[in-house]
Amino acid sequence: MKRQLRFREDGTFKIVQFADVEFSNSQAEEEINMSAMMRHILESEKPDLVVYTGDVIASGGSTDVAQLFRNAVAVPEELEIPWAVVFGNHDSEAANMTREQLHALQLAHRFSYAKPDPPHVDGVGNYVLTIHDKHNDPAAALYFLDSGSYSPLEYSRLGFYDWIRRSQINWYVDQSYQLTAQNGGQPLPSLAFFHIPLPEYNDIWDFSVCYGQRQDYGCSAPWINTGFFAAMVEMGDVMGTFVGHDHGNDFWGTLHGIRLCYGRTTRNAYLDRPFMTGARVIQLSEGVRAFDTWLHLADGSILREQPAHMPEGRKLTN
């Protein structure tokens, strides 16, 4: 039985987010170097949990998808650090392994903290983890949701990427209600992790002050807004969301009290200009409805202050 996630004696809980590692060839020099970088970051930060926010593997065309996944999570597994995965659009592109089989593989690992899927909920890999305090009571919550892969309505020209479905939002609301009730009616300070950014990520970049970079053309959010952000605002528990997907984006901004954050790509950003790889680090404090976050880059540097981006509005398109 896995030990319960807990705040440390100093009242902190640290998470390292790896984004878009996309393991596809364990013999490739890039992946050997990336694994070494991941190990260095984890040994330096000493986190309580590692979260992979999707595209853990680039499975298309692979003949051994299971081994790719094992390679991707090998570093925290070997260091005996709890870890968890949400899936992205590239994880289940192979014909020889389904998303469900990948999730079963995740659950079979010794230090995986993922949970079996709830019944009658869309997607694969929806679960919630609680972090307990010194009294062994839940003091914070971490939500993990499957944001899907590609738009099922692409043939109707309704975008390219998938979205969080209504059944998942209902599941989140139910979990939130239960945790709030157990906490005397006070929402637990919470974070949410998924792969594809919400449409609101484009809103904060265009209309709010953000911190960090948007090196990609935009935020590759779905064209369909199913209301997950509105549900989080209504429930009052989620303080921040963390995504990957857009390798050249690492910014964050705040909308209606929720910080919408990108990770920092752990693999090549595929840009024609320098953009160092690394990870985002998140630190919670027991009893405080807030969190700190910074970037830990491949060269060992720590980036705590990211450049401000002033809102520029949005151009109308035909």
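The legends below describe close-up views of a predicted model.

**View A. The crossing of helix 2 and helix 4 in the predicted model**. Two packed helices are described by the angle between their axes and the distance between the axes. Helix 2 covers residues 65–72 and helix 4 covers residues 99–108, and their axes come within 11 Å of each other while crossing at roughly 45 degrees. With angles of 65 to 115 degrees counted as roughly perpendicular and those under 35 degrees as roughly parallel, helix 2 and helix 4 are therefore oblique to each other. The crossing of these two helices is right-handed.

**View C. The largest pocket of the model**. The space in this pocket amounts to about 860 Å³, and its lining is made up of 27 residues, among which Asn 202, Arg 214, Tyr 217, Gly 218 and Cys 219 lie nearest the centre of the pocket. Helix 6, which spans residues 200–207, supplies the largest share of the lining, namely three residues. By class, the lining of the largest pocket divides into 10 nonpolar, 10 polar and seven charged residues.

**View D. The second largest pocket**. About 230 Å³ of space is found in the second largest pocket. Its lining draws on Met 1, Lys 2, Arg 3, Gln 4 and Leu 5, together with Ser 112, Tyr 113, Ala 114 and Lys 115, and also Val 128, Leu 129 and Thr 130. Taken by class, six of the residues lining the second largest pocket are nonpolar, three are polar and three are charged.

**View E. The largest cavity**. The count of cavities of 30 Å³ or more comes to one, and the volume of the largest cavity is about 80 Å³. Sixteen residues line this cavity, and those closest to its centre are Trp 163, Ile 164, Leu 198, Pro 199 and Pro 222. The lining of the largest cavity has 10 nonpolar residues, alongside four polar and two charged ones.

Terms used:
Residues are numbered from 1 along each chain as its sequence is written. This is a predicted model: local features need pLDDT of at least 70, side-chain atom pairs count only at pLDDT 80 or more; totals for chains, interfaces and linings use all residues. Side-chain values use heavy atoms; hydrogens and water are left out. Axes are lines fitted to C-alpha atoms, for helices over the stretch in contact, and angles run from 0 to 180 degrees between N-to-C directions. Helices (H or I, at least four residues) and strands (E, at least two) are DSSP runs, numbered from the N terminus. Angles under 35 degrees count as roughly parallel, over 145 as roughly antiparallel, 65 to 115 as roughly perpendicular and the rest as oblique. A crossing is left-handed if the near helix is turned anticlockwise from the far one by less than a right angle, and right-handed if clockwise. On a 1 Å grid over the protein atoms alone, a cavity is a set of points where a 1.4 Å probe fits but cannot get out, and a pocket is an open set with protein on both sides within 12 Å along at least five of seven lines; lining residues have an atom within 4 Å of a point. Grid points are joined across faces, edges and corners, and a volume is the space filled by probe spheres set on the points. Ala, Val, Leu, Ile, Met, Phe, Trp, Tyr, Cys and Pro count as nonpolar, Asp, Glu, Lys and Arg as charged, and the others, Gly among them, as polar.
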